[in-house]
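Subject: Structure handover

Hi,

Here is the structure for you to look over. My notes follow below it.

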Amino acid sequence: MQVALNLFFGVSIFVSGFCLLTVTERITKAKHIQFVSGVSPINFWLSALLWDFIIFFIACCLLMVVFLSSGLDALTKNYRFLDTLVIFMLFGWSVIPFTYLISFLFSSHTSAYIKLVMLNYCVGVFSVAMDVIITTTSGPDSESLLLNLLMVLPIHNFGMSITKYYDNQETKILCSSANVPAFINCSKAITQMNVYSLERDAIGRFLIAMAVTGFVFFLLIFLLETTLWKVRTFVFRYIFFGVYKKLNKDIVSKELSGESEDDDVQYERNRILEQPQELLNDTVLIKELTKIYFTCPAVLAVRNISLGIQKEECFGLLGLNGAGKTTTFEILTGEETATSGDVFIENLSITKNLQEVRSKIGYCPQFDALLDYMTAREIIVMYARLWGIPETQITQYVNELLQSLNLEPYADKFIYSYSGGNKRRLSNAIALMGKPSVIFLDEPSTGMDPGARRLLWNTVTRARESGKVIIITSHSMEECDALCTRLAIMVKGKFMCLGSPQHLKNKFGNIYILKAKFNMDTDENKLEDFKKYIATVFPGSELKHENQGILNYYIPSKDNGWGKVFGILEEAKEKFNLEDYSISQITLEQVFLTFATPENTEGD
Ligand SMILES: Nc1ncnc2c1ncn2[C@@H]1O[C@H](COP(=O)(O)OP(=O)(O)OP(=O)(O)O)[C@@H](O)[C@H]1O
């Protein structure tokens, strides 16, 4: 028993470590990016299991050397180390998938590790102590339901196997010695018992339990990765949404009708809904997509949007914080399930063909999905192999990619040492790799310097011109102006406008921006007179912003040519002693800001 108790501590610390990478890869979305790059769930988990099992085997071999050198004859002498190794290997086979499975419950690798160490250690000690108590109080042949239930836990089976094996072999050694201690029971039943049998004092049932649970845990992981998505889709679509529709008829008919006051958005919706899908030549087709988070209260994150995006298009999804851009991205990349509606990529439905759709996309998530202890070169080589680039071409391919985003100087350094901007460059490089038909970039240039940003824009433009669809979200209007062939501004889960940047500027930009600057010591009356003057000479003008003598006006461009506006302002400069003024055409940013009203920014 003492051997088992000592082992529990070390073993708990060691095996719980198998959750570290799985939690990190899930939380950082590195796992999702690997799935998107063509890795199937079975390959992902089998390769993780194989690698961890090799590490576990090496550690066990080293432990055998320690047992040998410390004279633990009951576990090592006369080839007993092979029996011990079998116990350890079966433990590894069951505990590694068990750790993977439990890791799904955690969103932080440190918390997962600490809790797993505690669980393993406490369960191990508890089960051995319970076994001793039950044996001494109820006799050696008594059974306990609790101990039988604990057989689903690998550490219990391991503790019982190693304790019982050690006791059995130690008894045999003592019974075969010249001076048998008086307290030892050397009956035939004990000395001739087959230690692998299914008897209570043998280890057969524990070994079988470890072999079976290892397989079951692995199966559960696989089901979790494949079927859970379908189950979630079904539950949210047909049960939760069904109940929601019944209870909130008004909200559904008002907010989720999909109708829009904007003619471009409505035209796009009609184009998609009125034509048969085969006639639409869209690489990406979003059809009446809705996403509700069924929290308390429910959040209508995406409200019945329809959109088609064709080859060689770069589509920008703009919106205020919380508008639903990331949620839309997560649905499009198969990370989130849609509450209703569907997305088709190259005519494949994401709800029905998730695996095939994933292999057609590249994805740069909002937060870098990178593994800190790899270098840029290693991670790019890894993804190049996943995308199936021939081994002979990988070096050249990787060098070209590193060069295109100016990542060469950092290529052989660990990712944890990178600045935020360099991590972003690497995330973009990964999204642009391989042969995806559609590339999703969620705020791709956040934290990048202007030089790196231009380089990224060139690379993205080249990718678009090569026939790919690029879908981008960004808070930089300059970036959207430079990259997007079409864009939509999203507010509270709906498209408020849709079209090319120039179209939107023309449509919403029937105004000039006037910036008038007064001396700081100009008295209030003069400022008031100026405001009255502008209101008279430019009917319909609007004072947007006033700060420290600088006044920003929106002036209707209808009936006001450039010459007339400049003439009036030259006069005003003299009359009101203006320090300076400027007139400009509306920018994309100002179009965007027309939607940033308080009622659009407040929560539901
Ligand atoms: N897992 C979740 N559970 C509940 N509500 C959520 C969840 N994820 C997002 N939301 C809500 O859905 C709405 C849309 O969020 P989303 O992250 O898609 O916005 P966004 O446009 O990407 O914002 P940002 O520009 O800040 O990234 C928000 O109201 C947000 O609070």
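First, a definition: buried means under 20% relative accessible area, exposed means over 50%, and partly exposed lies in between (1.4 Å probe, protein chains only). By that cut-off Glu 255 is buried, because its relative accessible area is 19%. Lys 254 counts as exposed, because its relative accessibility is 62%.

Now the ground rules. This is a predicted model, so local features need pLDDT of at least 70, side-chain atom pairs count only at pLDDT 80 or more, and totals for chains, interfaces and linings use all residues. Residues are numbered from 1 along each chain as its sequence is written, and side-chain values use heavy atoms, with hydrogens and water left out.

**Salt bridges**

A salt bridge here is a side-chain nitrogen of Lys or Arg within 4 Å of a carboxyl oxygen of Asp or Glu. The structure holds 28 of them.

Glu 255 takes part in a salt bridge with Lys 254, at 3.9 Å from N to O. Glu 255 also meets Arg 303 in a salt bridge, at 2.6 Å from N to O. Helices (H or I, at least four residues) and strands (E, at least two) are DSSP runs, numbered from the N terminus. Both Glu 255 and Arg 303 are buried.

Which residue pairs with Lys 31 in a salt bridge? The partner is Glu 225, with the closest N and O atoms 2.6 Å apart. This pair also links distant parts of the chain, from helix α3 (residues 30-36) to helix α11 (residues 204-247), 194 residues apart. Both Lys 31 and Glu 225 are buried.

Salt bridges link Glu 268, Arg 271, Asp 282, Glu 313 and Arg 486.

**Transmembrane spans and a surface patch**

An unreviewed UniProt entry places "transmembrane region" at residues 7-24, 44-69, 81-106, 112-133, 145-166 and 202-224. UniProt positions use the numbering here, feature names are shortened, and annotations may be inferred rather than shown by experiment. Residues 7-24 are 89% helix and 0% strand, with the end C-alpha atoms 27 Å apart. Residues 112-133 are 100% helix, and their end C-alpha atoms lie 31 Å apart.

A nonpolar patch on the surface is formed by Phe 14, Leu 50, Trp 51, Ile 54, Ile 55, Phe 57, Ile 58 and Leu 62. Together they have about 790 Å² of accessible area. Helix α4 (residues 41-69) gives the largest share, seven residues. Trp 51 lies in helix α4. Trp 51 is exposed, because its relative accessible area is 58%. Patch members have over 30% relative accessible area and no salt bridge; like charges are joined within 9 Å, and nonpolar side chains (Val, Leu, Ile, Met, Phe, Trp, Tyr) within 5 Å.

**The ligand**

The unreviewed UniProt entry lists "domain: ABC transporter" at residues 284-517. That span is 35% helix and 29% strand.

How many residues surround the ligand? There are 15, and the closest are Gly 322, Gly 324, Lys 325, Thr 326 and Thr 327. A residue counts as near if one of its heavy atoms lies within 4 Å. Helix α14 (325-332) gives the most to this shell, with three residues.

Best wishes

Conventions
Accessible areas come from the Shrake-Rupley method with a 1.4 Å probe; for residues, only the protein chains shown count as cover.
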